[in-house]
Each structure stands twice: as structure tokens, then as C-alpha cells.
Amino acid sequence: MSGDDTLLSVRDLVSGYGSTRVLQGVNLDVERGSVVTLIGRNGVGKTTTLRSILGSVTPTSGSVTFEGEDITMLSPEKTAREGIALVPEERRVFPGLSVRENVEIGRIGGRQDIDKPTVDEVIDEFENLVRHRNSKGANLSGGEQQMLAVARALVSAPDLLMLDEPTEGLAPSIVKQVQRKIKQLNDEGVTILLVEQNVQVALDAADYVYILDKGQVVHEGPADEVAADDEILDRYLGVSAAE
Amino acid sequence: MSVASAVAEQVLNGLVVGMVYVLLAAGLSIIFGVMDVINFAHGELFALGAYFAFAIAGPLGGAGFWVALVVAPLLVGVVGMGIERLTVKRLYGRDPLYHILLTFGLVLIINDLITSVWGKSAQPFPIPAVLDQPVALFGFNYSLYNYGIIIFGSILALGTWLLLNRTRFGMIIRAGSEDREMVRNLGINIDRYYTLTFGLGAALAGVAGIVLGAYQNVSPTMGSSVIIPAFVIVVLGGLGSFRGAVVGGLFVGVVQTLARTYTPFLEGLIVFLLMIVVLVVRPKGLFGTNIGAGEHHDGALLHGAGGGVLSSATRAKLGYAAVGVLVLVPFFAELTGVTYSVTLLEDILIWALFALSLDLVLGYAGLVSLGHTLFYGVGAYASVLTLMHFSPSVFVALAVAVVVCAVIAWSVGYLSIRVSGVFFAMITLAFAELFYNAVFKFDFTGGSDGLFGVDVFYGLAGLGIDPREFEIPLGIMTIDGGMVQYYFLLAVVVGSYLLARRLIRAPFGSVLQAIRESEERASFIGYDVTAYKRRAFVVSGGLAGLAGGLFAANNGYVAPSFLHWINSGEVIVMTVLGGMGTLYGPMIGAGVFVAAEDILSSYIEQWQLVIGVLFVLFVIFVPRGLVSLPQTITEHSMFESAVGDRTSVKDAEVERHD
């Protein structure tokens, strides 16, 4: 599905840590305005894919193209300045900084050539952050920290938002909130690349799905087709959609 | 003057010194908090500030001081940024130990540059005439300059606080100190901020140097005399805590000054005692938090073990050959009349043993003991005191040295091994400084002179050799007492090496290495990590004590300099130079270091500078030590012949991660 509307395109990406190869040639595309999710079991290379796109892991071969530009070998800070924002695994908010400062620092990063929303405008969009503007990151609950990590990424007005397991470790009611937020953001036009363990969340949110196994894309398709394919879900994820 | 105003004056004096400490400690603490760098060269930057000001103010006359007060710190800031760019930067991502080593090398370099430009003696640096007068306030006269320092220092400290907490710059470096990778991921070039932060810390040190230089005088030793108290303050206040640096600095300044006046005996001791008490009660320091205080370092200690192009059989042969040469040297020396070489070898052997002892904790247990000279010095004092008061036998003296040091190591270990990493380094440093200052205070340790003129008997209960009377003619040469000393020393050092090797090859050694690789995993398997580390520290302390005892017995004296922190630094340098984590590496390192020092110092006046530069290069480019050189060279040539494509990727990887 590589067309004019392709925002991000990953080709034959090989990448890993030290001598361990985690990605064995990953191919994927993200269309502008869509939600694409990567699913797969633990350790198949989902997070490494995101890290390789961002540049915190350096690919050994293959290419990453963003907005038609080759960003394969860019460092994370340069990639972020191209307009890709990451909401990392385990959120990684700055614990000693206040909520406002956390968002403000996100605003300093990202693309430098565009108008960005103000810190308060972004915080106002997150009902559970509004009351905590001046609290330290460390004093927030897990769900609040997740929202803060999303806010920190959004404030840079990214062209692509990458979310790494945003529902991990959250209570079911909070998971619903996160899901709603992803939906809302996408409705507002944000392109999203989502890595998710929770298959239900992943399939609900996605327009298009890639299934990763042993460092390669083993299946791809529109979310509703994948959701209906019990055999595929069972083979690569060990679950069926009905679960 | 009334008692009250006398006390008030002392408190004010304390605040003056305290302000200097605040400025120093604030810089140290910011640099540590943001970059995890323990900057040993901070004291030299402080001295550099004073000397720059001295050089600027001199020719300018009246207004010179004010010009210098602005220009000199900026210059020091630029020097600091240069240092960060050229050296410190290359080590990000490695264990903080390497920054200690690197900045220790920088101390040698900057200090030697200062003495070669401005000379070794202290020089007066007059304070401006406007401030050089007393003012009457609160009913007594006090120097206007001193009031000036207190006010100026407060303004600077407040300014720094505002910079850290109320500006964008401050926000980014605070975020960087908590999670630098995340800051990068957001698209912020944190490296640039690191350089600025280092410059800021250096400039603050420069200001402190000027202020104190004009309060007392400028001298090349001013850096090394403030660096240890500054560290104590940073640790006391809580590493990386700005509030801790301010409160700790003022507190230590006042306590030190009051102690000097009212309890002279405790001067020099009280600060270290305070630090030990605080750390026992609150291991993180007064204002230390758990946040970002370096619980997790990705940087690994790079040890030389496991890397050998040389097979263990070859190494064993080389070892036998080395011992063989060492056995033969005295004969050649005797025949050729170059007896000096034996003296040098004795020095090398003693330092080799000392380095070996350090390696047991540093290279095998991953514990950075910054005060290892504590054991060396105490061992020397213990054996000299035994020789003087109890028994002339060298065996008894050395046994006492080993036992005393092992007991001290156990106690220090008991207090400090539960807190890990940087804190352990600081606590060991504090204990060493405590003992260093203590030996000046007592009569039985000989005060600042030390203890001289002890005679040694190589035997027990009257049976043995008295080296002063021993002489066996043997053809064209004689075997004399000097040779007996030498062979005894050689035997003890070789024996200690074999003992250490036995220990490391036993399960005990495997557990230690497992702890070094991953403390957490070792404890999950069920080993009592703290107990193992403490045992290693006890053995290490005992061996270091043996080294000190041997030196004292060999040379017949002991002096406070045996306990000076510079020894601790040098022995770390030797260990890393040779290659820690191998038992022979540090011994080779000691040999190279002592020989280089000896040769260089007889040819070049600026030998410290040369050693410093060599060492800095070594830390950056050969962190696994001399023993890794054969491997590095073979790997490199193999690498060259491999596919070029691979090279470019690897280079790119290195660039992106540093």
C-alpha cells in the first residue's frame, strides 16, 4: 500500500543490539492520517522497530523513509526534529519535573519550523492532567503518567505519533480512556503507529495491522480482516479475537 | 571583645569559607547530577580561576580586581567547556569510574601547567582597596571584603538556583539528569547542554577561586586542598542536590572554622566524622533523593579479563620468566654497580602488591575504593609501631599490619558497602582523609614528621637474619642485607599473587565476578552480595596493609604522606593502566607507572604533565589497559581486512551512541 499518501515507509530493515539481530528485514508503510498497529508476541521486535525508526537503535541495513526523505541513519534527536514523536514503553515521564515542565520540554523538541499548541492548550485536552498542572511527574498515577507522556509528544505537533504499549499495566477503565484518546487524536488528523500487546485494543484502534514474528512481518491487512481471521490470530499470537 | 562577638566573628569567618564551598560544591553537584561525572579536576579549575584573576588584575591596578572577577570565571568556563568537548564527552555511557580516572589525569595536567606558568610558591593577591577596611555592624568591626563575599556568594547561589529552576536551560538539564535518552528522543540536543553545564560548573569554581585567592593568597596547592572538603559537602548534602550543596557548604564552613578556634584537636577530623555519621544515618545525604541519583548505569566497567591472544600457557611462561629476571637482577646490579635498579624494583614490587590488592575490589567486585591508601598507610604505621614497641621481627610487624588493616576494612566495609557505587567511593575517601588528618594529631604517630629509624630483623625469636650485619662473600661479589630485604620482598609479593589467584579461581572468585557483571542477578541466584563484597574488601585491605608494611619495613620509616589521597589516585591509575580484572595487569601497570614516573622525573621538569596527558589518552582509547593491547592490535588488523561495508556501519553506530 505504498502510494502518494505514504508518510512513513520501512524497507528491509535489519537491526539489533550488539551482535544480536532482532529485526530480520521488516517492511511496513504508514499512510497519512491512519492508525497502523504492530502486534506480535513478546520479543518479536515490535519495540525494536520503533526504536530503529527513531534512531535510538541503529539499523545495520535497510531504509526508513519519512515524508519522502531518508532518515535511516539519523540520530533520535534529529529524527524527532523531522516530526516523529515517541510515547515510549513505561511512559518515561520526567519524575522531578512538574506536569507543565514535562509538556514544555516536549514543546521545545520536535519540528522547529511550525506553530505548536501552547502547553496549557494541550494540558486542557487531558481531563486527568488539568488538576495536576504543578504536580511532579513522580506523583501521578500510572494512567495520568501515560496521558502526560502522550501530551508531551502531542505538544510538538508531530506528523507521526508512535505509541509503545500505551495500555500496559493500566486498569481496564484507564485502558478505555487511552483507547478513546487514540481514537480522538486520529479523528483530529494525527497519524499513529501503535505497538500494542492487548490484541483487542490493537484491532479496535487500527485501520491497518502488521503482525510481527521473529523479526519479520508475517501477515498484514486491514484491521477488520485480521480481526476476523481466527487462524492467523491463533498462529501468531496464540489468541483468537473472541478471547 | 565580648565572647558573643568573638563567636559571631568566627561564625562570619565560617560563612565566608562556607560561601566558597557553596560555589565549588554547587558546580560539582550540578555536573554530577546532570552528567554523572565526578569531576576531580574541579579543584584545579578553582585554582585556575584564582590564577587567571591574579594575572589579569596585576597589570590593571585599581580596577583590575573587578575586571578579573568578571573575565577570569568566563575564561575558566571556556576551559571547562573545552575539557568537556575534548575529553569528558568521549566517556559518556561508560561507568562513572572512568570519569574519576580521566579527571584525575586532568588534575596532574592543570596543576603542572599552573606551576610551570606561575611558579610553585604562594603569591599574594590583594583585595581591592575599597573593600579592604573594617566596618562596624551589630556592635563590632568586621572586614568589608568578608561581608562582600557573603553577599556576593549568596547572590550567585540564588542566581544559579533561579537558572536551574526557572529557565528553559535549567529545565532541560534537570530533565537530562533524570532521563537523558528521553530528552534526546524528544528532539533536543542534550550534548550541547552538557557542554554548557560543564562550563557553568567550571565558572562557578573559578569565582570561588578568585574569592578565596584574595581572602588568603593564590598557590598551586589551593585546588587539592579544597577538592576533598568540596566532595564531602556534595556527598553530605546529597549528590546532585543543589540545596544540599548550599546547606552543606555553609554548614561545613562554619563547623570547620569553629572547630579550628575552639577544639583544635578536631580540626580536619570533624568534617569527615560528620560525613560518616550522616551517611550512616541517611545514606543518600541530607537532601538526596532516589530520583535520578544514578541507581542505574548502563555503562559497563571495561575489564581486561578474558581477552588474551596469549594462551594461559604462554602467560604462565612469561610469568616465570619475569620472576626469573627479578631473581637475577640484584646479581647484575651488584656486578655492574647499578644498585639503584634494585631500589626501583623494590618500589615497583610494593606498588604492584598495592595495585593487586585494589584490583580484588575494583576489578573483581566492581567496587571503586577511592581511599585505598587508608590501608597502605595504616599498614605502614602498624608495622612501624610494632617494630618500635613490641618486636623487631618483620614477620610479626607484617602480621600485625595485615590483621589491623583487615579489621579496619571490615568496619569500613560494614558501614559503606550497603550503599553502592559513588557513595562507597566517597565514604572510603572520607575514611582515608580521616586517618590522614588523625596521624597529625597524635604523639605516638609522630605527628607531621612521622616515625623514623626503625630496625628490622628478618626472623623470629632471635633466629634469623639481621640485614645490618649480614654479609656472605661469594667470589667477586657479596650477598648483603640489602639482598635479603629484596628477596624477602619478592617472595612476599609473588606469594601474595599466588594467594590472590587461588582465591579468584575458587568459587569465591566466580561469585565476585558474577556480582561485578550483575549484582541483581547474583543476588537472585541466592548469593549474599553484600557479604561477598565485604569479604573481598577485607582481603583487599589486608593485602594493601601488607604492601604498606613492606614499604615501611624496607625503608625504616613512615610519614603522613602514606595516607595522602594522591596515593589512592595513583594506585587506581596503575590498576586501570595495566588492566583491571586480571591479577597480573595491575602489577604490570604498577611497573610501568613507577618506572615511567622515575625516568620522566629525572629528565623532564613537567613530568606530571606528561603522565597526565598519557593517562588521559589511555583512559579514552585503551580503557581495558595494557594487557588488552595485544588483543586490540590483532582485532584491529583483522578488522581492517574485513569488509569495509561493515566498518562504516560500526562507525555510525559509535557516533550515534556517544
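Let me begin with chain B, which is divided into domain 1 (3-281) and domain 2 (341-567), the bounds coming from an automatic or database domain assignment. What we are looking at is a predicted model, in which local features need pLDDT of at least 70 and side-chain atom pairs count only at pLDDT 80 or more, while totals for chains, interfaces and linings use all residues. Residues are numbered from 1 along each chain as its sequence is written, and chains are lettered from A and ligands numbered from 1 in the order in which they are written.

The C-alpha centres of the two domains of chain B lie 34 Å apart, and their contact takes 17 residues from domain 1 and 15 residues from domain 2, where two residues are in contact if their C-beta atoms, placed from the backbone, lie within 7 Å. On the domain 1 side, helix 9 and helix 11 (270-281) of chain B each give two or more residues, helices being DSSP runs of H or I with at least four residues, numbered from the N terminus. Helix 11 of chain B provides the largest share of that side, six residues.

Turning to the other chain, 21 residues of chain B are in contact with 27 residues of chain A. Helix 6 (168-178), helix 7 (180-185) and helix 25 (644-657) of chain B each supply at least two residues of the side that touches chain A, and helix 6 of chain B gives the most, with six residues.
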